[in-house]
Amino acid sequence: MAALRSLIGAAVAALGSVLFIAWSRFFPVQRRRRRYLECSPATEQVKYLDRQILVLGLDGAGKSSIIHALSTDTTRSSSAPTHGFNSAQILHQGLRIELLEVGGSHNLRTYWKQYLKNAHIMVFVVDSTDSRRLHLARQELHQLLHEEPDLPLMVLANKQDRTTALCLPEIHSELSLHRITSEREVTLLGTSAISDGAAHSTRLQTVKTLLEERLQSLKGTAQNGSNHPQTTQCHTSLQRDG
Ligand SMILES: Nc1nc2c(ncn2[C@@H]2O[C@H](COP(=O)(O)OP(=O)(O)OP(=O)(O)O)[C@@H](O)[C@H]2O)c(=O)[nH]1
Ligand SMILES: [Mg+2]
């Protein structure tokens, strides 16, 4: 009986030792891990510079379709009219780029100029097949340019996938782009927002890269507190690629 009692005692002691070893091995690890988490630096906050691309143009020109394509790298075959604003964001190498569209219908056009002050680039979209209203697009465009003499301009002659689309020299002439002074940087590109890579148009990926590069080049200017760059060159590009 005494032997059985001492056997049980030894077994309990052995079990206790095993549990103690297991306990002491496990908990220091937990403590170390917690200490590491407490001491590790807080997740670094990425700081972005805010930049805005203002996208304007008559109703139906393709502004929303282009914004969709630039922000998602995909095209879509239909789009509803914008009854106010539409915006999307692109993050690119320290820049948080907002693509802001104000709808192009008659009643919304009166608000366009209020948005010029915050913009770093204006993208003006025209429907290359809408020859009947190109003179209206020209009037609207030149009024905007008059308001902001330094704002860089990119004109997108959209819907180049359609056979009735005017070609770039025609759009250049219809919009009187030759009247724009050499102080402003102007780029004219043919695009298709529904079938990227259509013949005679610039890929939207290329458009996006050009915009990003332009905004990157404004970084220094912005840090000095100025909104708009002082452009010294006139760069009118009639660029098409396949
Ligand atoms: N064929 C063709 N159709 C296009 C193109 N871009 C847009 N569309 C179509 O044209 C119509 C108008 O396009 P939106 O992108 O809504 O035009 P918007 O300039 O945003 O118009 P509002 O919002 O009314 O100012 C839609 O049915 C689009 O699918 C293009 O490059 N080619
Ligand atoms: Mg729209």
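Biologist: Let's start at ligand 1. How many nonpolar, polar and charged residues are in the shell around ligand 1?
Modeller: The shell around ligand 1 has 14 polar, five nonpolar and five charged residues. Here Ala, Val, Leu, Ile, Met, Phe, Trp, Tyr, Cys and Pro count as nonpolar, Asp, Glu, Lys and Arg as charged, and the others, Gly among them, as polar.

Biologist: Before we go on, what am I looking at?
Modeller: This is a predicted model, where local features need pLDDT of at least 70 and side-chain atom pairs count only at pLDDT 80 or more, while totals for chains, interfaces and linings use all residues. Residues are numbered from 1 along each chain as its sequence is written, and chains are lettered from A and ligands numbered from 1 in the order in which they are written.

Biologist: Back to the ligand. Which residues come nearest to ligand 1?
Modeller: Gly62, Ser64, Pro81, Thr82 and Gly104 come nearest, out of 24 residues around ligand 1. A residue is near a molecule if its C-beta atom, placed from the backbone, lies within 6 Å of it.

Biologist: Which element gives the most to that shell?
Modeller: That is α2, with three residues. Helices (H or I, at least four residues) and strands (E, at least two) are DSSP runs, numbered from the N terminus.

Biologist: Which residues does UniProt list for "binding site"?
Modeller: The unreviewed UniProt entry lists Ser64 and Thr82. They are spread over 19 residues of sequence, yet they cluster in space, with a largest C-alpha distance of 7.5 Å. UniProt positions are given in the numbering used here, feature names are shortened, and annotations may be inferred rather than shown by experiment.

Biologist: Take Ser64. Is it buried or exposed?
Modeller: Ser64 counts as buried because it has 22 C-beta neighbours inside 10 Å. The cut-offs: buried means 20 or more other C-beta atoms within 10 Å of a residue's own, exposed means 12 or fewer, and partly exposed is in between, with C-beta atoms placed from the backbone. Ser64 sits in helix α2, residues 63–72.

Biologist: What does Ser64 touch?
Modeller: Not counting residues up to four places away in sequence, Ser64 touches Ser79, Thr82, Asn86 and Glu101. Contact means that the C-beta atoms of two residues, placed from the backbone, lie within 7 Å.

Biologist: And where is Thr82?
Modeller: Thr82 is in the loop between α2 and β2 (85–92). With 18 other C-beta atoms within 10 Å, Thr82 is partly exposed. Leaving aside neighbours within four places in sequence, Thr82 is in contact with Ser64, Glu101 and Gly103.

Biologist: How many residues of α2 are buried?
Modeller: Eight of the ten, so α2 is largely enclosed by the rest of the structure. The buried ones are Lys63, Ser64, Ser65, Ile66, Ile67, His68, Ala69 and Leu70. They pack against β1, β2, β3 (95–102), β4, β5 and α6 (204–217).

Biologist: What follows α2?
Modeller: Asp73, whose phi is positive, near 60°.

Biologist: New topic. Which residues of α4 are buried?
Modeller: Leu134, Ala137, Glu140, Leu141, Leu144 and Leu145. They cover an arc of only 135° around the axis, which puts them on the same side of α4. The arc is that of the directions from the helix axis to the C-beta atoms.

Biologist: Why would they line up like that?
Modeller: An α-helix has 3.6 residues a turn, so residues three or four places apart point the same way.

Biologist: What is exposed on the other side of α4?
Modeller: His135, Gln139, Gln143 and His146. The buried residues of α4 pack against β1 (49–56), α3 (106–109), β4 (121–127), β5 (153–158) and α5 (168–174).

Biologist: And α6, which residues are buried there?
Modeller: Leu204, Val207, Leu211 and Leu215. They cover an arc of only 65° around the axis, which puts them on the same side of α6. On the other side of α6, Thr209, Glu213 and Ser217 are exposed.

Biologist: Last one, the whole protein. How many helices and strands are there?
Modeller: Seven helices and seven strands. Buried residues make up 31% of the 242 residues.
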